[in-house]
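Hi everyone, thanks for coming.

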Amino acid sequence: MFVIIGYIFMSACIFGAYAAHGGELHVLWQPVELVIIFGGGLGAMIVAYGSNLKGILKAAPGVLKGSPYGKSFYMDLFALMFEVLSKVRKEGLMSIEGDVENPDASPLFAKYASIAKDHHVVEFICDYLRLMVGGNLNAFEIENLMDVEIETHHHESEIPAQFFAKLGDGLPAFGIVAAVMGVVHTMGSLHLPPAELGKLIGAALVGTFMGILLAYGFVGPLATILEGKANESTRVFQTIKITLLASLNGYAPQVAVEFGRKAMEGHIRPSFLELEEYVKNKKG
């Protein structure tokens, strides 16, 4: 929503001020130069990110959606972790073997639809609970393994943001390419009257304008949004990591969940009492 609002506000200010100053908007419509700018930019990005295009196209619509990792998601995540760790504490690690081996059929995971539908989160939880059940790794080894996986995940989730950032960096240069080609065309038309030459030069300069506007006004902000979404997803894994390690080091489930709560961003972090009440109600 804010993406659309921002685009409308920016366009209204830029083009509205230009029109109010006596500029003719139709002069700025140069489809050939847009093809040069976008075609050149996208072509270069296909060369650089061709093997990742499927993931980039899948992530791109996310710029128009809100974050799935809001307060309610974390509340359910902590409630699930509390139930799992409480079961481990009361019945032993082997009691959750069925849950981690087949989470789709687990009554624990089924209670929390927002968590169950995120297969990356479910897989991360189950993988490390499975290692804990196996009992062959200590807390230090599991922590190192978690760090490696989280770093890999973060690198992969940042690729769409890098794509748009690089595209934004390149568009001004392709705008110059479009402008130069327009000047070349103008130089071959010097026999035309001054008024006609003025139109050709103005059309050529539009390429530079459009390249800069598209880069910093439209494409660059998308890279920032996608980078933020990558950081949000990484923070979920860090929260799970802190909670599981606290339990592995002998802390009670409620304390382990509190460790995880501290890893949340302040604007969505519930209070200690709010989370405690929610977790107990969900378990009951």
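Okay, let's begin with helix 8 and helix 11, which pack at an angle of about 20° with their axes 11 Å apart. Angles under 35 degrees count as roughly parallel, so that's what we call helix 8 and helix 11. Helix 8 also passes helix 11 in a right-handed crossing. Keep in mind, by the way, that this is a predicted model.

Who makes that contact? On the helix 8 side you'll find His120, Val121, Phe124, Ile125, Tyr128, Leu129 and Met132. Helix 11 brings Val236, Phe237, Ile240, Lys241, Leu244 and Leu248. Sort the residues of this contact by class and you get eleven nonpolar, one polar and one charged.

Now, stay on helix 8 and look at helix 9. Here the packing angle is about 160°, and the axes are 12 Å apart. Over 145 degrees counts as roughly antiparallel, so helix 8 and helix 9 get that description. The crossing of helix 8 past helix 9 is right-handed.

Which residues of helix 8 meet helix 9? They're Phe124, Tyr128, Leu131 and Met132, and across from them in helix 9 sit Ile142, Leu145, Met146, Glu149 and Ile150.

Next up is helix 11 with helix 12, which covers residues 253-261. Their axes come within 8 Å and cross at roughly 150°. That makes helix 11 and helix 12 roughly antiparallel to each other, and their crossing is right-handed. In helix 11 the contact residues are Thr239, Ile242, Thr243, Ala246 and Ser247, and they meet Ala256, Val257, Phe259 and Gly260 of helix 12. The class count for this one is five nonpolar, four polar and no charged residues.

Last topic: the largest pocket. Its volume is about 1300 Å³. It's lined by 33 residues, and the closest to its centre are Lys58, Ala59, Tyr69, His120 and His153.

As for the lining's make-up, the residues divide into 13 nonpolar, eleven polar and nine charged.

Definitions and conventions: Residues are numbered from 1 along each chain as its sequence is written. This is a predicted model: local features need pLDDT of at least 70, side-chain atom pairs count only at pLDDT 80 or more; totals for chains, interfaces and linings use all residues. Side-chain values use heavy atoms; hydrogens and water are left out. On a 1 Å grid over the protein atoms alone, a cavity is a set of points where a 1.4 Å probe fits but cannot get out, and a pocket is an open set with protein on both sides within 12 Å along at least five of seven lines; lining residues have an atom within 4 Å of a point. Grid points are joined across faces, edges and corners, and a volume is the space filled by probe spheres set on the points. Ala, Val, Leu, Ile, Met, Phe, Trp, Tyr, Cys and Pro count as nonpolar, Asp, Glu, Lys and Arg as charged, and the others, Gly among them, as polar. Axes are lines fitted to C-alpha atoms, for helices over the stretch in contact, and angles run from 0 to 180 degrees between N-to-C directions. Helices (H or I, at least four residues) and strands (E, at least two) are DSSP runs, numbered from the N terminus. Angles under 35 degrees count as roughly parallel, over 145 as roughly antiparallel, 65 to 115 as roughly perpendicular and the rest as oblique. A crossing is left-handed if the near helix is turned anticlockwise from the far one by less than a right angle, and right-handed if clockwise. Contact means heavy atoms within 4.5 Å.
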